[in-house]
Amino acid sequence: MSALDLLVEGAAEVFTATSAGALPDAVVGIHAGKIAWIGSRAGLAASDWTVGDATRRVDARGGLVTPGLVDPHTHLVFAGDRADEYARRATGTPYLQIAAQGGGIAATMRATRAASEETLVALARPRLDRLLGFGVTTAEIKSGYGLDFDNEIKMLRVIRALDATHPVRLVPTFLGAHTVPPDRRDDRAAYVREVCERMIPAVAGAGLATFCDVFVEQGAFDLDEAETVLRAGLAHGLLAKLHADQLGAGGGAELAARLGAVSADHLEHVSRAGIAALAAAGTVAVLLPGAALFLGQDDRPPARRLIEGGVRVALATDCNPGTCMTENLPLMLTLGMSRLGLSPTEALLAVTAHAAAAVGREAVAGSLQVGRPADLAIFGVPSHRHLPYHFGVNHTLCVLVDGRVVHGG
Ligand SMILES: [Zn+2]
């Protein structure tokens, strides 16, 4: 017999994100930072675990307990903001005109290059605090606003520093191929070579990233360039991700599948062949419905066809200063239902088990299982159906990482 360190009790529902489903009236016991028990109180009483005087009790107050949410696609390290650009776009100025006048990614690039590592850490920390406050315990963050050797390394060092000092677990992605920086447009092939031959070996050698990602679109990189970059990443042990098929069906999903990418992201215009390829490769589809909302566009990835085609679907905030300035991951559940046709269970799996798979963390995050790290969130809603239903407000009561209360309580 040994005593639990912490007991989460009083939940109306525990959403496990496993085949066990959503358990009514369950308790969660934690010992040494790991989940020790999930199930009924009577079962716990009959188990080898005891609830002693030293066991901390966390009252879920009739709420919903979920795995700590996973945000599998963000760009939340950056300097500056683009509120003016948002206002201009909303009132009708085309993006191409804004970009031609020095706005867009290039504006964030200039501000991020000008900021020190310490400044970028200080700017990103409150964003991570807000993410945690929405129940997120694991998040992916991409580089991609440095767009030269020193500044891409700087961004990844910022992510490492944040990971070491903030409760949210971070998954770093190298996105040197976000766009060709304005000062390199006269020789884009040379920029791609620098990404492959100089940046990727340095990033991988210093252990600064898990993934390598490429933005495949008109105006960014084409399929051949993306394949070159991702193959260089794979050769150095960086797993592949891809921004694909956002503006038009360009074979991005097929490329992601062919390279065994862990995820393909955006996919607003993925083709039928692309869906079949993703399913066969086990590549997770990461959908970003906040961006279309923010940009006032009606583009919708075919979430139902992806799911019915056998692709695991994840949802992410895409938190970035230009096309989706929010840390509200639960809002994406609502957009996932209202705009993409997901069910409540599909939506919640999309920010737990499937999101963990999209960042290669499914063995340790995204589901509540005995023996796993005790990362979980408690929301003040009576069931998983109510989290997307009552939208635009923050229902988070409490967040635990490694069995410690790190938010609320
Ligand atoms: Zn992105």
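The lining of the largest pocket in this predicted model comprises 14 nonpolar, 14 polar and 6 charged residues. The volume of this pocket is about 850 Å³. Among its 34 lining residues, Tyr 95, Ile 105, Phe 215, Gln 218 and Leu 247 lie closest to the centre. Three helices, H3 (95–100), H4 (105–114) and H11 (289–295), each supply at least two residues of the lining. H3 gives the most, with 4 residues.

A zinc ion is also present in the model. Three histidines coordinate the zinc ion through their NE2 atoms: His 73, His 75 and His 243. Along the sequence, the donor residues follow the spacing H-x1-H-x167-H. His 73 sits in the loop between strand S10 (69–71) and helix H2 (83–90), while His 243 belongs to strand S14 (residues 239–244); the pair therefore ties together parts that are 170 residues apart in sequence. Both His 73 and His 243 are buried.

An open sheet is built from 4 strands in the order S6-S5-S2-S8, with mixed pairing. Strand S6 (34–39) and strand S8 (56–59) form the edges, and each pairs on one side only. On average, neighbouring strands of this sheet are turned by 20° against each other, direction ignored. Strand S5 (residues 27–31) pairs with S6 in the antiparallel sense, over 5 bridges. Within the sheet, Val 27 stands opposite Gly 39 of S6.

Key: Residues are numbered from 1 along each chain as its sequence is written. This is a predicted model: local features need pLDDT of at least 70, side-chain atom pairs count only at pLDDT 80 or more; totals for chains, interfaces and linings use all residues. Side-chain values use heavy atoms; hydrogens and water are left out. Two strands pair if DSSP finds at least two bridges between them. Axes are lines fitted to C-alpha atoms, for helices over the stretch in contact, and angles run from 0 to 180 degrees between N-to-C directions. Donors are N, O and S atoms within 2.8 Å of the metal (3.2 Å for Na, K and Ca); water is not among the atoms, so sites may look incomplete. Buried means under 20% relative accessible area, exposed over 50%, partly exposed in between (1.4 Å probe, protein chains only). On a 1 Å grid over the protein atoms alone, a cavity is a set of points where a 1.4 Å probe fits but cannot get out, and a pocket is an open set with protein on both sides within 12 Å along at least five of seven lines; lining residues have an atom within 4 Å of a point. Grid points are joined across faces, edges and corners, and a volume is the space filled by probe spheres set on the points. Ala, Val, Leu, Ile, Met, Phe, Trp, Tyr, Cys and Pro count as nonpolar, Asp, Glu, Lys and Arg as charged, and the others, Gly among them, as polar.
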